[in-house]
Amino acid sequence: MLTICAIAATIMGASSRAQAQATANNEPAHVLVSLRYSATRANSPPGSCGCFLLQGAALDAALPFTSRLSAVLEAAGNHANVVPGTSRQLSTVTLLAGPRYTAQFGLRHSVFAQGIFGAVRGFDADFRRGNDATDTATAFAYAIGGGYAFRLTHTVELRPIQLDLLQTNLPNGANSRQRNLRFGAGVAFTVPLGIARR
């Protein structure tokens, strides 16, 4: 939780600096807000290929520092009705933040890469530490990946693919580590934060 608070404070400070810089350049500061469908390929039990999908949605906000570098804050939730080999469900909520690098190709095409870090909250399942099991658990998590975006208008872009390696460290009675593949698709909107002064 301290890590998340520190990341949030850093992003809030960066927001103030970015807005001040945009004002100095006579440009309105903005944030890029994305909403996407999210699916995570997981396995149960640990080390096996009892593969299943957690499905849900993700919302992220990217605040640009420069034309290529931005700070990202992401919240995502996923759910599976049944975990193979158990009679339990599984739900996860992640809150992650970190840097994103974007490369533009022409006026409409761009690709981005990011590394975001924070925490995961798991519930509706058995989280095992030795002989003990609980219904909920909170642990460290991170996602490293990227995606492709196609700009439809000045303020709207389509994101047909985003792919991340998502690691969560929820207790599982073995190595307490889940390395999963997460993919998604959605749209992003440019939202102004204020009006530049002239």
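Tutor: Buried means under 20% relative accessible area, exposed over 50%, and partly exposed in between (1.4 Å probe, protein chains only). This is a predicted model, in which local features need pLDDT of at least 70, side-chain atom pairs count only at pLDDT 80 or more, and totals for chains, interfaces and linings use all residues. Residues are numbered from 1 along each chain as its sequence is written, and side-chain values use heavy atoms, with hydrogens and water left out.

Student: How does Tyr-37 count by accessibility?

Tutor: Tyr-37 counts as partly exposed, because its relative accessibility is 38%. Tyr-37 lies in strand β1, residues 30–43. Strands are DSSP runs (E, at least two residues), numbered from the N terminus.

Student: Is Asp-164 buried or exposed?

Tutor: Asp-164 is buried, because its relative accessible area is 2%. Asp-164 sits in strand β9, residues 156–168. Contact means heavy atoms within 4.5 Å. Beyond neighbours within four places in sequence, Asp-164 contacts several residues, among them Arg-36, Gln-114 and Asn-180.

Student: How many aromatic pairs does the whole structure hold?

Tutor: Rings of Phe, Tyr and Trp (its six-membered ring) pair if their centres lie within 6.5 Å; planes under 30 degrees apart count as stacked, over 60 as edge-to-face, the rest as tilted. A search of the whole structure finds two pairs. Phe-117 and Tyr-142 have ring centres 5.9 Å apart and planes at 35°, so this pair is tilted. Phe-117 is in strand β5 and Tyr-142 in strand β8, 25 residues apart. Phe-140 and Tyr-142 have centres 6.1 Å apart and planes at 45°, so that pair is tilted.

Student: Which residues form the aromatic cluster?

Tutor: Phe-117, Phe-140 and Tyr-142 form one cluster. Tyr-142 is buried at 18%. Phe-140 is partly exposed at 37%, and Phe-117 is partly exposed at 35%.

How values were computed
Helix = DSSP H or I, 4+ residues; strand = E, 2+ residues; numbered from the N terminus.
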